[in-house]
Amino acid sequence: MTPYLSIEALTVSYGATRVLDCVSLDVARGEMIALLGSSGCGKTTLLRAVAGFVAPESGAIRIEGRDITGVPPEQRGTAMMFQSYALWPHMTVAANIGYGLRMRHWKKDAIAARIDEMLALLQLEGYGPRAVTQLSGGQRQRVALGRALAASPSLLLLDEPMSNLDYKVRLELRHELRALQQRIGITAVYVTHDREEALTLADRIAVIDAGRIVQCGAPEDVFHHPSSAFVAGFMGAENGIDVVVGSDGTLVVADGSGSTVRAHFRGDAARLVAAPEVAPADALLLPGVVAQAFYVGQGYRYRVRAGGTEVWVHAPERVAEGASACVAVPRAALMLFPRDSTTGT
C-alpha cells in the first residue's frame, strides 16, 4: 500500500551544518506520528521541510504519491500549527478561523458556515465574536487548531503546540486533540520533546537524534524495547551503568575487568533495600549512600551515589540523606546494550 506521506532520504543543511541526514519516513493515511527528540535534533526542521518552509539539499517528499518537494507551501494542501499559535491579536475568534479561507477566496456564506462548523467541533460555540486576546491559553490553542483545520488540509503539521500551556491544560488538550484527530481521520505529524506527550498522542513515535531517525515504532515498543542506550535514556530509563555479564548470566557492576555492556533501567523499576541479603536473588545490587531525597507526591525520589556512579530510584518510604542504602534492580528491568551503543536504527 502506498503511504499517504512519504519522506525519502531527505537531507537538509544550514550552511556547513547538516541538520537532517538522509531521513526516510512513511506515514499512513489517518495516522498520527510523533517526531520526538531534544532541542536541536532536527525534528522541527523535518516538519518545516514537509510544510515547504525549508528547502532540502536532496531527497523527496510525496503526499499520496505526488512529489511536492519543490511545490510552494500554499500549494501543498498541508496546514501547520505553530508553537506560538500565530493568531492575529486584533481579530475575533471567527476572523482568525476564517482567515485562511478568505485568502483562498472562499465565498462569505461558505466561510461563515465553515467557521460555525469549526466552533462546534472545538467546543467554542458562542466564542466567534470574542477577541482572541480575551481567551485562555487552552482556548487560543483550539482557535489555532480550528484555523488549521478549516480548509480541510490533507496533512496537519503540529510544532509543539502545547508547550506554552500549563500542565493541567496540556493533559486535557492532549486527549481532546487525539479524540478529534481520530474522529475526523486526518493524517498528522506532531513535533514534541515531551515523551509523555508522544506516548499519549501518537500511533507511532519516531525518535530523532542528530538529524537521524534512530528508532520508529508503536509507543509501547519504543518505550519497552528501545533500540539503543540513547533511546532508552530518552524514554525514561535514565540510569545507565557499565556491567559485566557472568558465564551464568548474572550481572555485576564493572570493575575494569571483563567484557562490559551498558545497562539502563528506570528509577521506578528499582528498589531501595536495607541490606543486599534481602534483595531478590537475580537483582543487580548497587550499594551506596543517599545523596538527595525529594518528595514527589506518591513516594520519594532519591539520588544514590553507588561506587563511581549515581542513579535515581523511587521508593515509598522516607530515607534520610546521608544514609547507607542498597539499590536492587531486578534482572528483568535491565536493558542491555553494547558498551559503545549510543544510537541505533
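1. A residue is called buried here when its relative accessible area is under 20%, exposed when over 50%, and partly exposed in between, with a 1.4 Å probe and protein chains only. Helices (H or I, at least four residues) and strands (E, at least two) are DSSP runs, numbered from the N terminus. This is a predicted model, in which local features need pLDDT of at least 70 and side-chain atom pairs count only at pLDDT 80 or more, while totals for chains, interfaces and linings use all residues. Residues are numbered from 1 along each chain as its sequence is written, and side-chain values use heavy atoms, with hydrogens and water left out.

2. Overall content. The protein chain has eight helices and 19 strands. Its C-alpha trace spans about 75 × 45 × 35 Å along the principal axes. Of the 345 residues in the protein chain, 49% are buried.

3. Helix H1. Seven of the nine residues of H1 are buried, so the helix is largely enclosed by the rest of the structure. The buried residues in H1 are Lys-43, Thr-45, Leu-46, Leu-47, Ala-49, Val-50 and Ala-51. Gly-37 is buried, with a relative accessible area of 0%. From Gly-37 to Val-244 the C-alpha to C-alpha distance is 30 Å, and the two are 207 residues apart in sequence.

4. Strand E7. All five residues of E7 (residues 155–159) are buried, so this strand is largely enclosed by the rest of the structure. Leu-155, Leu-157 and Asp-159 are buried on one side, and Leu-156 and Leu-158 are buried on the other, so both faces are covered.

5. Neighbours of E7. Two strands are taken to pair if DSSP finds at least two bridges between them. Strand E6 (residues 78–81) runs parallel to E7 and is joined to it by four bridges; Ala-79 has Leu-156 in E7 as its bridge partner. Strand E8 (residues 187–192) also pairs with E7 in the parallel sense, over five bridges. Leu-157 stands opposite Val-189 in E8. E7, helix H5 (residues 167–184) and E8 form a right-handed β-α-β unit; right-handed means that, with the strands pointing away from the viewer, the path from the first strand over the helix to the second runs clockwise.

6. The largest pocket. Its volume is about 610 Å³, taken as the space filled by probe spheres set on grid points that are joined across faces, edges and corners. On a 1 Å grid over the protein atoms alone, a pocket is an open set of points where a 1.4 Å probe fits, with protein on both sides within 12 Å along at least five of seven lines, and lining residues have an atom within 4 Å of a point. There are 20 lining residues, and those closest to the centre are Phe-53, Thr-78, Ala-79, Met-80 and Arg-104. E6, helix H2 (93–103) and helix H4 (137–149) each supply at least two residues of this lining. By class the lining has 13 nonpolar, four polar and three charged residues. Here Ala, Val, Leu, Ile, Met, Phe, Trp, Tyr, Cys and Pro count as nonpolar, Asp, Glu, Lys and Arg as charged, and the others, Gly among them, as polar.

7. Cysteines. A search of the whole structure finds zero disulfides, a disulfide being a pair of cysteine sulfur atoms within 2.5 Å. For Cys-22, the nearest cysteine sulfur is that of Cys-216, 15 Å away. Cys-22 is partly exposed, at 48% relative accessibility. For Cys-41, the nearest cysteine sulfur is again that of Cys-216, 14 Å away. Cys-41 is buried, at 3% relative accessibility.

8. Positive phi values. Most residues other than glycine have a negative phi. Glu-64, not a glycine, has a positive phi of about 50°. Glu-64 is in the loop between strand E4 (58–63) and strand E5 (66–67) and is partly exposed, at 49% relative accessibility. His-105 has a positive phi of about 65°. His-105 sits in the loop between H2 and helix H3 (108–121) and is exposed, with a relative accessible area of 70%.

9. Hairpin of E9 and E10. Strand E9 (residues 204–209) and strand E10 (residues 212–217) pair in the antiparallel sense over five bridges. Asp-209 has Arg-212 in E10 as its bridge partner. Two residues lie between the strands of this hairpin, where Ala-210 takes a positive phi near 50°.
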